[in-house]
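Here are my notebook entries from an afternoon with one structure. Have the view open while you read, and follow along with me.

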Amino acid sequence: MKHRFTEYVGREFISLAETMGTAALMLKSVVFWLFRSRFEAGETAKQAVTIGVDSLIVTALTSFFTGMVLSLQTGISSKNLFNEPLYIGTMVAFSMVKELGPVLTSIVVAGRAGAVVTAEIGTMKVTEQIDALYTLGTNPTRYLLVPRYIAFMITLPLLTVFADFIGIIGGCLVGMVKLGIPSSVYFDDVFNFLKVSDFLHGFLKTFFFAFMIATVSCYKGLNTRGGAEGVGKATTEAVVTSMVLVMVLDYFISAALVAVGI
Amino acid sequence: MIEIRNLNKSFPDKQVLKNISVDIKDGELFSVIGPSGIGKSTFIKCIIRLLKPESGEIVVDGQDIGRTSDEFKLARVRRSFGYLFQEGALFDSLTVLENVAFGLKYLTDIPKSGYAKIVREKLALVGLKDVENLKPAELSVGMKKRVSLARSIAAEPKYILYDEPTTGLDPVTTGMVKDLILDMRAKLNITTVVVTHDLNLALEISSRVAMLYGGEFVEVSEPAKFRRSENKGVKEFMEISHLSRK
Ligand SMILES: Nc1ncnc2c1ncn2[C@@H]1O[C@H](COP(=O)(O)OP(=O)(O)OP(=O)(O)O)[C@@H](O)[C@H]1O
Ligand SMILES: [Mg+2]
């Protein structure tokens, strides 16, 4: 019994170490090819569209309603406490810009674009298209991974700025209609207190999230086994892993940024 | 020249290649036959290291790539190979034109404006025309195979490895592909390895035929000698092939 337990733990550790090893090798090769390969402009643009543009509407809806509900809740609480809605713009803007904008956008992108990337690369893996790349003078890192990394790293920060903006607008709308705050007051509350470093705090985090989502999605895709069933499994795993890691990373990166004063 | 020495390849549950040694000389047309699931695809995948053997040497033009993990060396050696995948492995996000032209971009200095003409030529060689703008999903199995064939020869490599070049094709196209394989070798002196379970094709086109059975080459000889082989496995395989032909 005891023996079996150690065996189980041992096996899990070995497989974890293997995963880290393969992922590290993949990262090394991505960094290597990032600076050396002929820039695959067409493929990168195509990916930026799949990852970025196609996530616009979902991102807009998510952040719009989040801004609205933030405004509503803070407004109500503030009314209960102080008999009037105070600093609603400040509350909404801080929450959106530092946390909810980056995190929710990352989750949307992990769910939508991350899934697409894993499914596509996974399908290519099980149908030997990845092997075919090697036989035609290129390799999957150059042709598939580098463009996707670049696309994630460009689009996720931009989408986040867009989400921040939409969220603040959503908050303003509820403030005006439901709480009776004039938009000028709302925006004064936003801009009198929000500093560039607050914006940077959220903005910088998205680069880490983008890098992580690209790594998880590509890794899961490249290591897909077992036909169409395997592709489905890899995709689910990639999305779940990315979403959980967004939350986990969010805490640690926030803590690190706070420590350096951003 | 491809020199293979003591090649061993296993999958978790079984050893597929056992200590295989063979030299494939320049200009040769070497065929490997054997029943389904015996390890033919595994063998040619090892040659260009799409699979890594547990042990053994694979020396291509003096460079041993058998066990190396030097990606550059591998990439360099692979450049002299064309490879036809058993299932085609066409890129399904690209059109036929883009698929066939794919290697030209990475393997040759031909300007982009020259691709269309080359693609048309290669497609004609496999009996296809006016399919350039279709996606692989819009092709039949046999058409996919032929587009894939055109892709593997497009850059006119020094070596070509064909995994089941005629499976899934009708007799007319089979003849066409057979002529193509022979032509490529005759005109450009391309060293060719064909993996197939079609004994008659192998005997007809090859300079040497090897029979893979139980992880080993139980017979390696010229077609005429191969037909007279005393090996039990070869005899059985020939009998069955003849029966199915009638
Ligand atoms: N990735 C793999 N993992 C585990 N086993 C494998 C793998 N690839 C092949 N095998 C096993 O190795 C054996 C040889 O497979 P291979 O594809 O080389 O056969 P083949 O001779 O090409 O067959 P066919 O004529 O049907 O294409 C098979 O029994 C197969 O089950
Ligand atoms: Mg095979």
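This is a predicted model: local features need pLDDT of at least 70, side-chain atom pairs count only at pLDDT 80 or more; totals for chains, interfaces and linings use all residues.

**Entry 1: the ligand**

I began with B:K40, where an N or O atom of the side chain is 2.8 Å from an oxygen atom of ligand 1. That is a polar contact, meaning a pair of N or O atoms within 3.5 Å; within protein, one must be able to donate a hydrogen and the other to accept it, and residues adjacent in sequence count only if both atoms are side-chain atoms. For the labels, residues are numbered from 1 along each chain as its sequence is written, chains are lettered from A and ligands numbered from 1 in the order in which they are written, and side-chain values use heavy atoms, with hydrogens and water left out.

Next I looked up B:S36, and found an N or O atom of its side chain 2.6 Å from an oxygen atom of ligand 1. B:Q86 also reaches the ligand, with a polar side-chain atom 2.7 Å from an oxygen atom of ligand 1.

How much of ligand 1 does the protein cover? I noted 64% of the 630 Å² of accessible area that ligand 1 has on its own. Such areas come from the Shrake-Rupley method with a 1.4 Å probe; for residues, only the protein chains shown count as cover.

Which elements of chain B give two or more residues to the shell around ligand 1? They are β2 (14–24) and α1 (40–47). Helices (H or I, at least four residues) and strands (E, at least two) are DSSP runs, numbered from the N terminus. I found that α1(B) supplies the largest share of the shell, 3 residues.

There are 14 residues around ligand 1, and B:S36, B:G37, B:S41, B:T42 and B:Q86 come nearest. A residue is near a molecule or strand if one of its heavy atoms lies within 4 Å of it. I sorted the shell into 4 nonpolar, 7 polar and 3 charged residues. Here Ala, Val, Leu, Ile, Met, Phe, Trp, Tyr, Cys and Pro count as nonpolar, Asp, Glu, Lys and Arg as charged, and the others, Gly among them, as polar.

**Entry 2: chain B as a whole**

I listed 9 helices and 10 strands in chain B. Its radius of gyration is 18 Å, close to the 18 Å that the globule rule gives for 246 residues, so chain B is as compact as a globular protein of that length. The radius is taken over C-alpha atoms, and the rule is 2.2 Å times the number of residues to the power 0.38.

I then noted that buried residues make up 55% of the 246 residues in chain B. Buried means under 20% relative accessible area, exposed over 50%, and partly exposed in between (1.4 Å probe, protein chains only).

Most residues other than glycine have a negative phi. I picked out B:N19, which is not a glycine and has a positive phi near 50°. B:N19 sits in strand β2 of chain B and is partly exposed, because its relative accessibility is 48%.

I also picked B:R49, another residue that is not a glycine, with a positive phi of about 60°. Is B:R49 buried or exposed? B:R49 counts as buried, because its relative accessibility is 9%. I found B:R49 in the loop between α1 and β4 (55–60) of chain B.

**Entry 3: chain A**

I counted 9 helices and 0 strands in chain A. Of its 262 residues, 48% count as buried. The C-alpha trace of chain A spans about 70 × 55 × 35 Å along its principal axes.

In helix α4 (residues 88–126) of chain A I stopped at A:T90, which counts as buried because its relative accessibility is 11%. Leaving aside neighbours within four places in sequence, A:T90 is in contact (heavy atoms within 4.5 Å) with A:D189, A:V190 and A:F193.

My last stop was A:N83, in the loop between α3 (56–82) and α4 of chain A. A:N83 is exposed, with a relative accessible area of 70%. From A:N83 to A:I262 I noted 34 Å in space, C-alpha to C-alpha, and 179 residues in sequence.
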